[in-house]
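I opened my notebook to get to know a new structure.

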Amino acid sequence: MTDSEWANNLLQDQKFLDVFSVLKAIEMNTIANSNSDDYDIRQTSYVKYQALQAVLTHIESMASQRNINEKRFKIL
């Protein structure tokens, strides 16, 4: 199984997507429910949210790499 196939399978796994949604929602709720003087808490939650998004984006790019490679060969 290639990395692209693995990533495609992972992105089709609803449980995996649900876990990421829950984790991102936790961080957004932490930001939304923080006090106005809790800058450090909001900053930490934002960094965690961005990290989760970066992981998901990387997996999505791995999944699309196969399509990119197929199109690249058609051009040549």
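These entries go through the core, then the helices around it.

**Entry: the core.** I kept in mind that this is a predicted model. Which residues make up the largest nonpolar core? I found nine: Ala7, Leu10, Phe16, Phe20, Leu52, Leu56, Ile59, Met62 and Ala63. Then I checked where they come from, and helices H1 (3-12), H2 (14-32) and H3 (39-75) each give two or more residues to this core. H3 supplies the largest share, with five residues.

**Entry: Leu56.** Setting aside neighbours within four places in sequence, I found Leu56 in contact with Leu11, Phe16, Phe20 and Lys24.

**Entry: H2.** I counted 19 residues in H2 and a reach of 26 Å from its first C-alpha to its last, close to the 27 Å expected at 1.5 Å a residue. Which residues of H2 are buried? They are Phe16, Phe20, Lys24 and Glu27. These four lie on the same side of H2, because they cover an arc of only 60° around the axis. I turned to the other side of H2 and noted that Lys15 and Ala32 are exposed there.

**Entry: the start of H2.** Here I saw a side-chain oxygen of Asp13 reach to within 3.1 Å of the backbone nitrogen of Lys15.

**Entry: H1.** I listed Ser4, Ala7 and Leu10 as the buried residues of H1. Their arc around the axis is only 125°, so they too sit on the same side of their helix, H1.

Methods. Residues numbered from 1 in each chain as written. Predicted model: local features only at pLDDT ≥ 70, side-chain atom pairs only at ≥ 80, totals over all residues. Heavy atoms only, no water. Core = buried A, V, L, I, M, F, W, Y, C linked by side-chain atoms within 4.5 Å. Buried < 20%, exposed > 50% of the residue type's maximum accessible area, 1.4 Å probe, protein only. Contact = heavy atoms within 4.5 Å. Expected span 1.5 Å × (residues − 1). Arc of directions from axis to C-beta. Polar contact = N/O pair within 3.5 Å; in protein donor to acceptor, adjacent residues only side chain to side chain.
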